Amino acid sequence: MKRVKAIKAMAIFRVTALIVPILFSFNSLVFAANPEMQEVQPAAASVEAVHGEAHPVAATEAETAHGDAHGEEKAGDVIMHHILDNNVIAFEPFGEIELPKIVIGGFDLSITKHVVMLWTVSAILIALFAVAGGKYRKMTAREAPKGIANALEALVQFIRLDVAKANIGKGYEKYLDYLLTVFFFILLCNLLGLVPYGATATGNINVTLTLATFTFFLTQAAALKAHGIKGYLAHLTGGTHPALWIIMIPIEFIGLFTKPVALTIRLFANMTAGHIVILSLIFISFILKSYIVAVVMSVPFSIFIYLLELFVAFLQAFIFTMLSALFIGLASAHEGHDEHEAGAATHH
Amino acid sequence: MEGLGFLGAGIGAGLAVIGAGLGIGNVAASAAEGVARQPEATADIRTTMIIAAALIEGVALFGEVICVLLALK
């Protein structure tokens with residue numbers, strides 16, 4: 001009974017810990033999104049003054065508000081500012097960090113918000129797995145893992161058995177490293193977009209395209225290794241009569257590239273769409289300038305979408321890994337009738 | 001005439017969602033039926049269902065991305 005009470009208390013604490021940052025970010029968004037309030041209400045302006053110097057974003061927003069009074073366009077700009085990559089990491093009530101702009105040989109190699117997030121994710125992953133790995137090193141064979149090692153073991157075993165082994169089959173160990181890395185990397189990227197001051201690096205199409213390119217090259221390498229160059233080229237003909245090759249070869253060749261493109265767009269669109277929905281729900285109350293809408297609609301619905309996003313973060317990381325494993329498995333599978341049917345099914 | 005672009009984006013997004021909804025609904029219905037008939041195959045059915053749903057959703061998201069591009073233009 002005591003344990004149940006402790007669990008209940010823990011659950012309440014967690015929900016509070018979830019909601020309070022959201023409410024705080026609402027508060028800061030009020031000033032970022034609705035600069036007219038500063039002019040209309042001196043009280044609000046003084047609150048903003050307490051927070052320190054006026055936010056540059058808020059200042060530019062105020063300028064656009066002077067120029068044209070379209071509420072929707074303003075909200076759209078703020079939403080895009082949150083979604084897109086830029087050179088500023090904003091800690092909204094406390095100020096912001098301007099990141100350097102680096103251009104080498106005509107290529108923009110500047111360190112942006114999403115790059116910082118990628119580094120953060122890498123650092124967290126290295127630290128997490130160093131701790132978990134260290135625990136395993138100290139453990140005897142008969143001991144069960146505890147805490148962080150146990151939590152990670154569940155996920156690792158899931159990827160190993162249900163994703164890698166089930167889809168690739170024999171020789172899955174070679175690809176397990178990549179699949180585990182990509183799973184945890186995408187998962188943490190997705191989750192970091194849901195914490196305050198975080199940004200979703202996987203909501204940037206460049207990041208997802210890079211990840212999908214890794215999968216593409218790994219798939220092609222697996223196919224070349226399994227069938228040799230001759231078998232690889234023979235696969236491009238689809239096993240049809242030479243008269244049909246003029247149709248089959250372009251189709252199969254395009255089919256090679258649709259898979260990574262689909263991976264790219266799926267992850268990118270899922271992560272971006274969720275954030276746009278959350279921000280749009282929040283901005284409904286700003287556009288209508290009503291607290292009632294905020295209480296009745298914006299807050300409950302955006303919390304619901306937030307929880308859905310939490311699920312989607314796991315789901316998309318899983319699906320990316322799953323489809324990578326599936327493509328590798330299909331590419332390295334030995335030719336057979338039913339395998340070919342499965343291959344045709346994935347050529348959407 | 002500017003507004004027609006937004007109208008097109010909105011209608012397109014709605015149509016894409018109708019298609020994806022019907023598709024994923026079919027997948028989920030069949031999966032539920034399959035699980036009810038063969039509970040021991042739940043894990044396999046779930047995996048297949050998620051892959052199929054993801055592929056359908058991917059196509060719907062292509063449509064949505066095009067609509068967003070249309071609306072932001």
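I began with two strands of chain A: β1 (residues 88–91) and β2 (residues 95–98) pair in the antiparallel sense over four bridges. My strands and helices are DSSP runs, numbered from the N terminus (E, at least two residues, for strands; H or I, at least four, for helices). Strands pair if DSSP finds at least two bridges between them.

Before going on, I noted that this is a predicted model, where local features need pLDDT of at least 70, side-chain atom pairs count only at pLDDT 80 or more, and totals for chains, interfaces and linings use all residues. Residues are numbered from 1 along each chain as its sequence is written, while chains are lettered from A and ligands numbered from 1 in the order in which they are written.

**The hairpin**

I looked up who faces whom. Val88(A) has Glu98(A) as its bridge partner in β2(A), and Phe91(A) stands opposite Gly95(A). A hairpin of three residues joins β1(A) to β2(A).

**Helix α7 of chain A**

Next I followed α7(A), residues 147–168. Its 22 residues reach 30 Å from first C-alpha to last, close to the 32 Å expected at 1.5 Å a residue; that expected span is 1.5 Å times one less than the number of residues.

Where does α7(A) bend? I found a bend of about 25° at Arg160(A), taken as the angle between axes fitted to the seven residues ending there and the seven starting there.

Then I listed its buried residues: Leu152(A), Ile159(A), Val163(A), Ala164(A), Asn167(A) and Ile168(A). Buried means 20 or more other C-beta atoms within 10 Å of a residue's own, with C-beta atoms placed from the backbone. These residues pack against α6 (113–138), α8 (173–192) and α11 (291–332) of chain A. A handy reminder: an α-helix has 3.6 residues a turn, so residues three or four places apart point the same way. Just after α7(A), Gly169(A) takes a positive phi of about 80°.

**Chain B**

I turned to chain B, which has two helices and zero strands. Its C-alpha atoms fill a box of roughly 55 × 15 × 10 Å along the principal axes. Its radius of gyration is 17 Å, whereas a compact globule of 73 residues would have one near 11 Å; the radius is taken over C-alpha atoms, and the globule rule is 2.2 Å times the number of residues to the power 0.38. Of its 73 residues, 12% count as buried.

Methods:
Contact = placed C-beta atoms within 7 Å.
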